[in-house]
Amino acid sequence: MDSLNDSCVSSKDINDGILQREESRYQRKGYGLIFAVLFTLFGFTVFPQLIQFRILSLLQNLQPQYIQMIMLISTHLLGFSLGNLGMYFIYEAKSPFFERYRTRQNQWPWDENPDEWQKKCKEVWKYNSINMTLGVLMCILDTQISPLLRNDIDTFPSLFEMTWQILFSMLIEDTCFYWTHRTLHSPKLYPIIHKKHHEFYTSVSYAAIYTHPIEYIFGNVIPVFVGSKILGSQMHIATLQLWLLFRIGETIDGHSGYEFSWSPYRLLPFSSSAESHNYHHSHNVGNYGSFFIFWDTIMGSNESYNSFIAKKYGKINKIKDNNKKE
């Protein structure tokens with residue numbers, strides 16, 4: 001494992017590395033930044049319309065608990081299935097257009113050792129199926145024991161309501177995820193629970209929910225719903241559904257091994273990235289947050305990564321300066 005003490009990077013370099021990472025993150029997007037903004041606007045305008053007029057309108061004759069149950073389960077199953085299906089085609093395409101966004105230039109697990117991957121693939125499907133089934137059961141249980149959210153068309157949320165409640169849920173989820181994730185890295189819990197997820201040295205989208213079932217429940221599912229539990233009836237089921245889609249898409253994107261320039265999940269300043277999470281998998285240290293780097297920065301758990309970034313972009317800048325001089 002890397003440590004800050006092992007590097008010869010000063011605090012100023014590390015702070016510069018954080019700022020350089022933010023600056024470079026936006027610069028690397030290039031024209032992709034425009035598409036990232038457009039995708040975000042599409043998600044917050046078109047999807048709510050589809051939910052309101054195509055989904056909720058069809059379910060209004062059902063009892064409220066069944067409306068919530070159907071919307072949560074369908075989002076859970078379709079989100080992970082379609083997201084990973086899309087990534088499957090990207091992995092198989094091996095197109096230079098996509099490969100230029102790789103966070104690391106090593107081989108994918110299925111290319112590195114095809115025979116071993118066949119065995120691992122069966123285990124991945126096994127654990128992913130178990131966890132998705134657990135997710136479905138938790139959605140059913142939630143509608144039976146917890147107060148229901150609003151699910152009528154008359155009080156359908158405005159764009160402003162959806163936006164602030166999703167941002168609130170992101171901050172709450174990031175806090176819960178950081179502390180559960182960091183706890184799972186403790187010497188006692190890591191070998192028996194979290195080590196399963198870290199069997200992937202190179203992160204891929206299929207590993208997003210390849211976890212021990214206990215981790216999936218307490219580290220993945222529960223943090224996502226804490227925000228909605230706090231808001232209660234202030235939140236509409238449509239907002240929760242959009243938030244779940246956003247979170248599922250983010251974890252698939254974060255584990256994909258690609259830093260896509262058009263990704264809508266990295267628009268906010270000081271957000272996490274696929275690169276930072278890939279570093280977490282390859283070095284098994286720090287970067288415990290999901291959406292943001294706030295807690296990692298406050299607690300100093302991203303020092304190793306910041307040192308790495310400072311050195312990485314320091315070298316890149318030197319190369320650029322030398323090229324300009326030549």
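Visitor: Which residues in α7 meet α9?
Guide: This is a predicted model. On the α7 side they are M162, Q165, I166, S169, M170, E173 and F177, and in α9 they meet A238, T239, L242, W243, F246 and R247. The residues of this contact divide into eight nonpolar, three polar and two charged.

Visitor: At roughly what angle do the axes of α7 and α9 cross?
Guide: Roughly 50°, and the axes come within 10 Å. Helix α7 covers residues 159–184 and helix α9 covers residues 237–255. The two are therefore oblique to each other.

Visitor: Left-handed or right-handed?
Guide: The crossing of α7 and α9 is right-handed.

Visitor: And α3 with α9, at roughly what angle do they cross?
Guide: Helix α3, residues 64–93, crosses α9 at roughly 25°, and the axes come within 10 Å. An angle under 35 degrees counts as roughly parallel, so α3 and α9 are roughly parallel to each other. Their crossing is right-handed.

Visitor: Which residues make that contact?
Guide: From α3 they are Q68, M71, L72, S74, T75, H76, G79, F80, G83, N84, M87 and Y91. From α9 they are I237, L240, Q241, L244, L245, I248, T251, I252 and H255.

Visitor: How many nonpolar, polar and charged residues does the contact of α3 with α9 have?
Guide: Eleven nonpolar, ten polar and no charged residues.

Visitor: What about α2 and α3, how do they pack?
Guide: Helix α2, residues 32–59, packs on α3 at an angle of about 135°, with the axes 10 Å apart. That makes α2 oblique to α3. The crossing is right-handed.

Visitor: Which residues of α2 and α3 make the contact?
Guide: I51, I55, L56 and L59 of α2, with I67, I70 and M71 of α3. By class, the contact has seven nonpolar, no polar and no charged residues.

Visitor: Changing topic. Which residues does UniProt list as "transmembrane region"?
Guide: The UniProt entry, which is unreviewed, lists residues 30–51 and 66–91.

Visitor: How much of each span is helix in the model?
Guide: Residues 30–51 are 91% helix and 0% strand, with their end C-alpha atoms 32 Å apart. Residues 66–91 are 100% helix and 0% strand, and there the end C-alpha atoms lie 37 Å apart.

Visitor: What share of the contacts joins residues at least 24 apart?
Guide: Among contacts between residues at least 6 apart in sequence, 77% join residues at least 24 apart.

Visitor: Now some single residues. Where is R150?
Guide: R150 is in the loop between α6 (114–145) and α7.

Visitor: What is R150 in contact with?
Guide: Leaving aside neighbours within four places in sequence, R150 is in contact with T155, P157, E161, S233, Q234, M235, H236 and I237.

Visitor: L82 next. Is that one buried or exposed?
Guide: L82 lies in helix α3. Its relative accessible area is 54%. Exposed means over 50%, so L82 is exposed. The C-alpha atoms of L82 and G249 are separated by 9.7 Å, and the two residues are 167 residues apart along the chain.

Visitor: What is phi of K94 near?
Guide: Phi of K94 is near 50°, a positive value in a residue other than glycine. K94 lies in the loop between α3 and α4 (96–99). At 47% relative accessibility, K94 counts as partly exposed.

Visitor: And what is phi of N284 near?
Guide: Near 55°, again a positive value in a residue other than glycine. N284 is in the loop between α10 (274–283) and α11 (294–299).

Visitor: Is N284 buried or exposed?
Guide: Its relative accessibility is 19%. Buried means under 20%, so N284 counts as buried.

Definitions and conventions. Residues numbered from 1 in each chain as written. Predicted model: local features only at pLDDT ≥ 70, side-chain atom pairs only at ≥ 80, totals over all residues. Heavy atoms only, no water. Axes fitted to C-alpha atoms, helices over the stretch in contact; angles between N-to-C directions. Helix = DSSP H or I, 4+ residues; strand = E, 2+ residues; numbered from the N terminus. Parallel < 35°, antiparallel > 145°, perpendicular 65-115°, else oblique. Left-handed = near helix turned anticlockwise from the far one by under 90°. Contact = heavy atoms within 4.5 Å. Nonpolar A, V, L, I, M, F, W, Y, C, P; charged D, E, K, R; others polar. UniProt positions renumbered as here; feature names shortened; annotations may be inferred. Buried < 20%, exposed > 50% of the residue type's maximum accessible area, 1.4 Å probe, protein only.
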